[in-house]
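Visitor: I'm new to this one. Could you show it to me and then take a few questions?

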Amino acid sequence: MFINLLRIAIIFFTFGTVDILDSYTLHSIDNIVYEGLSLRDIFKDGNLVVNGDFSNGTTGWTNLNVVPEIQIVNETVEFQMTSSINFRQTINGLNNEIYYTALQTKIKSGTTGQYSIRLLTPTSSLASNQIVINSSNANFEIKSGILTSVADFDRLQIPVTTIGDSIYVIDNVYLIPMSLFTTAPSQTQLDEWLIDYLEYKDNTSFEYTLKTLGIEHLILFTTSMLFWYYSLKLLRKAVK
């Protein structure tokens, strides 16, 4: 026992410090993040978009796979900017409300063209303020914004706003009513939570924190171990 402790001490003194596990943080979409709400409450239960991740094909959406410029591929939408087309989803009761909307997007090919996300009235005669989306990123990124409805809106639309040669890939569309919160968080904060939600929605994750021990900790550790070793040894002799 003493020899083993001595070996440990030699290693510690040689390298000076050692990292040990100090704590860990559990990352889960069920962790409460704001006003008693979890990431699941906000982005899964609070999302008004049906089949926003396109895992159920065209369910809930109009114009998907109807024209060649809009296709579902591997549970994402490939959206060509070559003509003034759109796809949309009917969501009743969107009147007089403020919404956080977001999606993941990346560019597959091309350099010109852009699209947007907006809310519409039943007759499509009045549109909300829209979020214009363009990107040169070949990896998925989050595009988001705040939309305000001022009439009897009943649909979310994603139209081409500038014709070009680009093909965009779209996934994970969200429309979250800000009335879900007592005090509305900022768009930046919601973006950060959405990033976490997308990262952890399929898997719980643990983040480990390492604590560095120096020579002074080693001396205390070694002394304590020696004390307990000889105390137990004397105790065994006394029992005998």
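Visitor: Where is the place of Thr101?

Guide: Before I point, note that this is a predicted model, where local features need pLDDT of at least 70, side-chain atom pairs count only at pLDDT 80 or more, and totals for chains, interfaces and linings use all residues. Residues are numbered from 1 along each chain as its sequence is written, and side-chain values use heavy atoms, with hydrogens and water left out. Helices (H or I, at least four residues) and strands (E, at least two) are DSSP runs, numbered from the N terminus. On that count, Thr101 sits in strand β7, residues 98–109.

Visitor: Is Thr101 buried or exposed?

Guide: Buried means under 20% relative accessible area and exposed means over 50%, with partly exposed in between (1.4 Å probe, protein chains only). Thr101 has a relative accessible area of 0%, so the word for Thr101 is buried.

Visitor: Which residue has its backbone oxygen 2.8 Å from a polar atom of the Thr101 side chain?

Guide: Take the neighbours to begin with: a contact means heavy atoms within 4.5 Å. Leaving out residues up to four places away in sequence, Thr101 touches several residues, including Ile117, Leu156, Tyr174 and Leu175. The backbone oxygen lying 2.8 Å from that side chain belongs to Tyr174.

Visitor: Which residues are closest to the centre of the largest pocket?

Guide: A pocket here is, on a 1 Å grid over the protein atoms alone, an open set of points where a 1.4 Å probe fits, with protein on both sides within 12 Å along at least five of seven lines; lining residues have an atom within 4 Å of a point. The largest one has a volume of about 260 Å³, volume being the space filled by probe spheres set on the points, which are joined across faces, edges and corners. Of its 15 lining residues, the closest to the centre are Phe43, Lys44, Asp53, Tyr174 and Tyr197.

Visitor: How far apart are the closest N and O atoms of Arg40 and Asp30?

Guide: Side chains of opposite charge can pair when their charged atoms come close. A salt bridge is a side-chain nitrogen of Lys or Arg within 4 Å of a carboxyl oxygen of Asp or Glu, and the whole structure has 4 of them. Arg40 and Asp30 form one, with their closest N and O atoms apart by 2.6 Å.

Visitor: Where in the chain does each partner of that pair sit?

Guide: The two are 10 residues apart and link distant parts of the chain. Arg40 is in helix α2, while Asp30 is in the loop between β1 (18–27) and β2 (32–34).

Visitor: What is the relative accessible area of Asp154, which pairs with Arg155?

Guide: Asp154 forms a salt bridge with Arg155, the closest N and O atoms being 3.0 Å apart. Arg155 is buried at 14%. Asp154 is buried too, with a relative accessible area of 11%.

Visitor: How far apart in space are Asn63 and Gln89?

Guide: Asn63 lies in the loop between α2 and β4 (70–73), and among the residues that Asn63 touches are Phe87 and Arg88. In sequence, Asn63 and Gln89 are 26 residues apart. In space, C-alpha to C-alpha, the separation is 9.3 Å.

Note on methods. A polar contact is a pair of N or O atoms within 3.5 Å; within protein, one must be able to donate a hydrogen and the other to accept it, and residues adjacent in sequence count only if both atoms are side-chain atoms.
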